[in-house]
Amino acid sequence: MLRLLRPLLLLLLLPPPGSPEPLGLAQLSPGSPPQAPDLLYADGLRAYAAGAWGPAVALLREALRSRAALGRARLDCGASCAAEPGAALPAVLLGAPEPDSGPEATQGSWEQQLLRAALRRADCLTQCAARRLGPGGAARLRVVRALRDAFRRREPYNYLQRAYYQLKKLDLAAAAAHTFFVANPMHLQMREDMAKYRRMSGVQPQSFRDLETPPHWAVYDTSLELLGRQEAGLALPRLEEALQGSLAQMESCRADCEGPEEQQGAEEEEEDGAGSQGGLYEAIAGHWVRVLQCRQRCVEEMATRPGRSFPVPDFLPSQLRRLHEAYAQVGNLSQAIENVLSVLLFYPEDEAAKGALNQYQAQLGEPRPGLGPREDIQRFILRSLGEKRQLYYAMEHLGTNFKDPDPWTPAALIPEALREKLREDQEKRPWDHEPPKPKPLTYWKDVLLLEGVTLTQDSRQLNGSERAVLDGLLTPAECGVLLQLAKDAAGAGARSGYRGRRSPHTPHERFEGLTVLKAAQMARSGTVGSQGAKLLLEVSERVRTLTQAYFSPERPLHLSFTHLVCRSAIEGEQEQRMDLSHPVHADNCVLDPDTGECWREPPAYTYRDYSGLLYLNDDFQGGDLFFTEPNALTVTARVRPRCGRLVAFSSGGENPHGVWAVTRGRRCALALWHTWAPEHREQEWLEAKELLQESEEEEEEEEEEEEMPSKDPPPEPPGRRHQGVRDKAGKPPRVREEL
């Protein structure tokens, strides 16, 4: 609900129609003090909606500039005020022991120090903000949560690219589009816009530049390229720059955590577990816990590439490992030892790091006094552990929540009462572990008696759980019959075939679909051949039986929907295409790539338990099926269609999947969904079976009548069954319009 309300909060910032033009529409000076980013953004959206492209660009750019200036001011003021005499926090809050550990001297001393330091720092921050930001300081430029989320998603660049395009500034439009696309790689409309920009003659390849990516990522990627070419000497300065940039990015994030506290809704307070209970000390503790939670999340934010949902695992230790290896390659053993000792601060029992340390020390020879871990890493770890101690204390005694982002946190730091609960929470995330082993295949071939059906790939080979690829379910002749059925039905304008309109998933493909009931009705009317309709019904039951035997031998499966689907590439629209034939999704839940969760609720078909795709051809380009991690970005397995190949898998969030773009030709497959719930059994399948059986019986009776010796056959006797057939034939066919 909160995710739906936040965009509405931004709309509420817009002035009502007919109000005077905002002052922000005037030309803004690049050197002027930052203005309120929320008001600038709202004015920019209003100008955009009015088609005032020039003012919209100026306002949106100023909103971005003011937001960045506000962040820099908060970071600089925080750093300078922390160094003010009397403004330092007590050592106990930083995780270090107090200088005087005597019980009488320490009784209440750190609380008094904290109060004095807080008052002193508040005074310093207020004066610094007034100097840097003008009267009112940070309070005047407060940024609401909805706006922070919009900037995090880079939404201003989506509006900027369209405004630049209207102003004929294609180079800037391409840069803004690329900047938005980097953070939103699944945005289908932006994929199309990017493809159009690439086809424009006035747009050069260098135009596609990211205007927002933190500098440490570009330097880090360059250093990896140099290391790959065995150029350690050239890579070292960039590795150092990337590490310092990573730490600086984290400091900037931590400074944002100290911004003004916003009122939270009840749901958010319950989620954070740090809601105020109304008292002075409870309110102080609640706000402080939220600040610490935010600071700890900065590690993940710093380690997450733009456009990715999950951070690079162990990003800081991995940079230190590359540093000590690179220093060793160029012969700088002192620096190599310094960096490998820093790795051991994270993982004291790392065998590879201890082995490297012994090797470097042996090569160095005589011991070097004062040689130890990097000071910046020591400060980072001490500060982080101090914050974790406080968060775990609050979690144990105040009922707050804390999800530790670091795998290197010592187990001894976690209170014993919390360890079991945290272990259970970790086990609830199956994608963090190896996939479960596939169920043993003991008798599925014996049950089916299908000659020539082979298991090509199991769950382990497909890097997931409850997935399988089986070949040999159809002969080439049977594939040909079903392909002809799909072609004849589309040519006859079957409603479930969308009359050849564009695909509901992409504008670059045409979509044709056929249900079993529609096929039976068309076969009954003579529009398509009865052989294809009968085979469609038979094959769907063949797939259901095989899927049940393989995945669910102890529990019967029922067909819930059967759909013969063909996707055709539209000629002339495939150059530099970037979208998918079918975006990544799960079949019985709504996938949320940001959290890795899949919500089993409408509009998803929550009753579907297993899915199957039986392919009919491979004479097309693209169109491969692929599975991903829950982030919908990391591909874990890829399957190439071919005649008679079945891909079967469970329909839940453990199997997100999509289809690569079909860029040439026509791809046809039989899509089937199965359910354990008898009440969701596909009724149209039963109707189609009855209709085809009645047609067969009528044909047999007609053949018998033709063989009778009498030239004048007697009138057909009345019968309820035949009357029912005539009634069905006389009614307009009922078509199920569902994908």
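Student: What should I know about the model before going on?

Tutor: This is a predicted model, in which local features need pLDDT of at least 70 and side-chain atom pairs count only at pLDDT 80 or more, while totals for chains, interfaces and linings use all residues. Residues are numbered from 1 along each chain as its sequence is written, and side-chain values use heavy atoms, with hydrogens and water left out. The mean pLDDT of the protein chain is 79, and 77% of its residues reach 70 or more.

Student: Why is K487 called exposed?

Tutor: Exposed means over 50% relative accessible area, buried means under 20%, and partly exposed is in between (1.4 Å probe, protein chains only). K487 has 54%, so this residue counts as exposed. K487 sits in helix α21 (residues 476-491); helices are DSSP runs of H or I with at least four residues, strands are runs of E with at least two, and both are numbered from the N terminus.

Student: And what makes Y605 and Y607 an edge-to-face pair?

Tutor: Rings of Phe, Tyr and Trp (its six-membered ring) pair if their centres lie within 6.5 Å; planes under 30 degrees apart count as stacked, over 60 as edge-to-face and the rest as tilted. The centres of the Y605 and Y607 rings are 6.1 Å apart and their planes stand at 75°, so edge-to-face it is. Y605 has a relative accessible area of 29%, so Y605 is partly exposed, and Y607, at 22%, is partly exposed as well.

Student: Why is the pair F551 and Y610 called stacked?

Tutor: Their ring centres are 5.1 Å apart and their planes are at 20°, so the pair is stacked. F551 belongs to helix α23 (residues 530-551) and Y610 to strand β8, so the pair ties together parts 59 residues apart in sequence. Both F551 and Y610 are buried. Together with Y550 and W676, they form one aromatic cluster.

Student: How do you know that β8 and β15 pair?

Tutor: Two strands pair if DSSP finds at least two bridges between them. Strand β8 (residues 610-615) is joined to β15 by 6 bridges, running antiparallel, and L614 has L670 as its bridge partner in β15. Strand β4 (residues 558-569) also pairs with β15 in the antiparallel sense, over 10 bridges. As for β15 itself (residues 666-675), 9 of its 10 residues are buried.

Student: What makes the span of helix α2 close to the expected one?

Tutor: The expected span is 1.5 Å times one less than the number of residues. Helix α2 (residues 37-49) has 13 residues and reaches 18 Å from its first C-alpha to its last, close to the 18 Å expected. Of those 13 residues, 11 are buried, including L40, Y41 and L45.

Definitions and conventions
pLDDT is the predictor's confidence in each residue, from 0 to 100.
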